[in-house]
Amino acid sequence: MKNTLALMLCLTAGGLWAQNNEPDENRWTPEDIINTERMQEVQISPNEQMVVWTKEKGEKEKDKFVSDIYLTRLDVQKDGEYLTIPMTNGDEDDYSPLFSQDSETLYFLSSREKGKKLWSMSIYGGEPKEVHEFENGISDINLLNDSTLTFTSNDGKTLYEQKLEEKKDNTIIVEDTVHWTNQKVYAFNLKDKSIKRLTDNEHPVSQYAISRDGRWMITGLTMSPHYASDAQPKGEYYLYDLESGEKTKVLENLQTPGNFKFTSDHQGFYFTAEHSSDPEWNGAGITELYYYLLDEQAYDKVDLDWEWGLGGDFALTSDGLLAHLAHGATRKLAYFQKDESSWSQQLITLNGMEQHLSFFETSKDGKKLVFDYSTASKLPKYYVADIQHKRNKAVVANYDELVKLNQKLQKKPIARAEIFRWQGYNDEEVNGILIYPENYEEGKKYPLVLSIHGGPSGVDLDLWTERWSTYPNIMSQRGAFVLKPNYHGSSNHGLAFVESIKKNYYEPELVDIMNAVDELVDKGLVDEDKLGVMGWSNGAILTTMLTVRYPDKFKVAAPGAGDVNWTSDFGTCRFGVSFDQSYFGGAPWDDVNGKFYNENYIIKSPLFEMEKVKTPTIIFHGSEDRAVPRDQGWEYYRALQQNDKAPVRFVWFPDQPHGLKKITHQLRKMNEELDWFDQYLFKNYEKKNEALKSESPIAMLLKKEKVAKEGALYGKLYQDKLIPEVVSLGEDTISLGRFEVTNAQYQAYKTDHKFDPTESNFALHNVSKGEAEAYLAWLSELTGESYRLPNVKEATKWHELGRKNAEKENTLNFWAGFDITLEEVSLLQEKIDEAKPLLLKAVGSHPPLKLEKAEVYDLGGNVSEYHSEGETYGYSAYDYADPSNVEVHSDQAYRGFRIVKESQ
């Protein structure tokens with residue numbers, strides 16, 4: 001059978017990392033995608049002279065991402081940039097940094113020491129200090145004043161829980177509304193280390209916010225252990241007067257309120273809530289903004305003067321707020337000023353950046369803002385700016401780059417991207433992000449990869465969104481268009497658009513997507529015989545149905561964590577009830593269209609039509625996925641495997657939730673996916689021989705067989721003269737000899753050069769710099785090209801690369817057979833001087849090194865090579881590669897050279 005099953009049960013953290021070569025500076029790799037630097041958890045200091053933030057990094061040994069804390073000084077510049085200081089840099093996760101009121105101390109949480117401690121650190125550096133250990137854990141910290149910090153935790157394990165632990169009983173009770181960990185809000189006194197419980201809730205606090213004067217607190221409670229799955233009972237919200245102790249139930253008639261932010265005048269707080277036609281199931285809708293007036297104990301909806309609602313976050317200013325407004329594939333930036341019980345709207349422009357920025361944080365007085373700016377074809381940049389008010393208008397001014405991240409990635413070629421618009425379902429306009437193939441040529445047709453977002457109420461904005469689940473730049477470099485469609489059901493396009501797929505699931509979305517394909521084909525951009533499709537979550541759901549409805553259309557499919565059987569999803573997905581009720585119009589047993597069951601659960605399930613699928617499909621799933629349970633992947637695989645009409649591969653990630661967390665798993669997903677696309681869409685897949693070790697002698701021999709050769713001699717003929725082969729380091733740059741110049745190649749220039757015939761492919765040695773330059777002059781005249789010796793800068797760089805590998809190349813270290821020390825070198829050389837063995841080898845006797853885009857042999861050993869200043873770099877076979885000393889002075893008898901060819 002053509003089907004394969006790959007269950008990833010034995011991945012180790014180090015294995016996959018070790019297989020990766022040094023990244024190509026001019027090509028995007030999976031490692032580039034997952035290691036892209038991003039600023040997170042931003043806070044501006046009370047004195048507005050500093051910004052603290054976190055950045056994730058991959059911790060190889062632990063096979064996970066951890067965050068470090070950084071401090072950027074707005075009052076100190078170095079080399080024209082704000083001074084940024086790494087405050088933590090270990091293998092633990094340090095997060096949730098907060099400034100003290102005097103801006104002199106940072107408080108933060110950490111995974112170190114079981115993650116139950118609060119830590120502090122001076123802004124001037126030094127080791128973190130333990131502030132206090134919290135027996136029951138600590139999370140969601142906020143600084144209330146100079147002596148008080150608030151957090152969420154619980155009161156400890158009950159006797160019931162303690163007895164279960166004693167019995168070592170890990171039985172899971174699926175439904176139990178009596179026994180559960182009840183998160184509450186507490187206050188911690190930083191001076192006397194006392195703890196005070198602030199809430200008396202009987203159900204867990206899921207979110208909270210406290211006014212800056214410490215009087216008011218709003219909490220949101222989760223009322224069921226499975227609230228996210230059944231949407232019932234609804235969450236409850238309570239307003240606390242912390243001075244009087246009075247508690248009031250509030251916000252009872254709103255759908256999922258949250259994102260509470262108290263104003264600086266202590267008069268009220270802003271918050272968001274969803275608006276949809278099916279609030280009983282928390283159905284997808286638009287986000288609206290509200291204001292709660294504390295004195296009146298009532299709320300008003302803020303008139304955004306924008307039908308599509310909010311399109312992102314909002315940030316409080318000194319006398320109003322900044323907000324993102326939904327605007328399709330972009331967002332509008334607006335300022336709202338409050339005047340008694342009404343708000344006036346003002347759209348803000350920022351040199352074209354306003355539609356492509358995201359808020360991080362405003363200062364406490366609302367006069368300073370940190371934001372990022374990016375597009376689908378521009379890496380994020382991070383800015384700090386002033387919010388000024390002039391004549392009742394807000395202006396974002398004096399913006400300056402806060403910190404420069406991803407400097408290496410900025411040098412890589414980035415694909416061209418644009419917002420593409422077409423007519424979709426019901427002849428309504430639909431949009432998406434279209435990424436062009438690298439080196440696009442007008443009039444040429446290219447493959448198309450559909451990269452479909454999840455949700456379904458997600459949205460693809462014109463922002464930088466490369467990640468392990470979607471990576472258009474890698475696909476672009478493989479020569480494909482990539483389309484990220486905002487199909488019907490996507491958010492940021494208004495209520496009618498997001499709700500258009502309710503009780504009509506699949507139908508508008510597939511029309512949208514296929515109309516886009518047809519449009520691109522009609523425009524002459526896309527080859528309709530070269531279509532691929534991929535997506536995660538709802539993107540996988542649509543990917544699957546496309547291969548069912550259009551079995552002859554797609555050459556490859558890569559669905560990740562997607563449903564195929566809605567009858568089993570209803571009861572096993574953690575939000576199956578709310579999702580399925582909203583999109584399929586009721587429960588599976590509800591009477592629909594006169595039937596005694598809801599037929600949508602069957603007719604909308606691809607499982608019952610899998611016999612139609614002909615598309616080679618690779619399926620991804622996490623074993624601990626509760627959003628789309630892992631058995632959906634098993635059902636999918638089993639159907640394709642049994643029907644046997646298309647190759648199928650099932651890759652299962654142990655212990656992974658809906659979104660992959662482990663570094664190895666993210667990399668494995670991308671590499672597996674790329675191999676699948678290379679094989680079935682791009683047709684450039686070279687099947688790996690699993691018995692061939694990359695550094696084995698046979699692999700080395702096979703690799704050398706591919707280099708330029710005339711008979712048994714390395715090199716190529718030019719006008720009947722044997723000359724060296726050169727390899728390019730990249731576009732518009734130099735090329736250099738794959739090997740050192742050999743005896744046979746030198747003899748083509750100097751016919752009286754004598755050597756043993758068995759040493760024809762040995763590196764030329766015992767030549768002077770003048771003789772090397774004379775050869776290069778002859779070669780340049782012969783070919784009409786420009787050849788030279790490496791300059792000092794190049795030689796220094798190549799020597800450093802060679803040093804890292806010298807012990808494994810043709811050096812004295814290699815011949816010794818063990819890790820020799822400096823004291824043993826002279827003893828070994830005595831024996832060599834006595835016997836005078838020939839230690840030189842034929843060029844390419846050791847594995848090549850990766851030098852930019854080229855593979856080059858013998859940089860670390862064999863003969864020492866001349867550079868333009870007359871000295872040599874690298875080691876000869878008779879030299880000791882001293883790890884503690886960069887310099888090396890080879891004997892004249894063992895000096896040779898390598899050619900450099902200038903680009904034309």
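Lys553 is partly exposed, at 23% relative accessibility, in this predicted model. Its salt-bridge partner is Glu528, with the closest N and O atoms 3.8 Å apart. This pair links distant parts of the chain, 25 residues apart: Glu528 sits in strand β34 (residues 526–536) and Lys553 in the loop between α9 (538–549) and β35 (556–560). Glu528 is also partly exposed, with a relative accessible area of 42%.

**Salt bridges**
- Shared partners join Glu113, Lys117 and Glu130 into one salt-bridge network.
- The count of salt bridges comes to 47.
- One of them pairs Lys412 with Asp32, whose closest N and O atoms are 3.2 Å apart.
- Lys412 belongs to the loop between α5 (407–410) and β30 (417–423) and Asp32 to helix α2 (residues 30–34), so their bridge ties together parts 380 residues apart in sequence.
- Lys412 is buried, at 7% relative accessible area, and Asp32 is buried at 10%.
- Lys404 bridges to Glu401 with closest N and O atoms 2.9 Å apart; Lys404 is partly exposed, at 36%.

**Second largest pocket**
- The second largest pocket holds about 1,400 Å³ of space.
- Its lining comprises 37 residues, with Gln43, Leu98, Asn142, Lys261 and Glu361 nearest the centre.
- By type, the lining has 19 nonpolar, 11 polar and 7 charged residues.
- Strands that each supply at least two lining residues include β2 (39–44), β10 (139–145) and β26 (357–362).

**Helix α15**
- Ala699, Met700 and Lys704 are buried in α15 (residues 697–704).
- Viewed down the axis of α15, these buried residues fall within an arc of 135°, so they line one face of the helix.
- β39 (713–714) is among the elements that cover them.

Technical notes. Residues are numbered from 1 along each chain as its sequence is written. This is a predicted model: local features need pLDDT of at least 70, side-chain atom pairs count only at pLDDT 80 or more; totals for chains, interfaces and linings use all residues. Side-chain values use heavy atoms; hydrogens and water are left out. On a 1 Å grid over the protein atoms alone, a cavity is a set of points where a 1.4 Å probe fits but cannot get out, and a pocket is an open set with protein on both sides within 12 Å along at least five of seven lines; lining residues have an atom within 4 Å of a point. Grid points are joined across faces, edges and corners, and a volume is the space filled by probe spheres set on the points. Helices (H or I, at least four residues) and strands (E, at least two) are DSSP runs, numbered from the N terminus. Ala, Val, Leu, Ile, Met, Phe, Trp, Tyr, Cys and Pro count as nonpolar, Asp, Glu, Lys and Arg as charged, and the others, Gly among them, as polar. Buried means under 20% relative accessible area, exposed over 50%, partly exposed in between (1.4 Å probe, protein chains only). The arc is that of the directions from the helix axis to the C-beta atoms. Contact means heavy atoms within 4.5 Å. A salt bridge is a side-chain nitrogen of Lys or Arg within 4 Å of a carboxyl oxygen of Asp or Glu.
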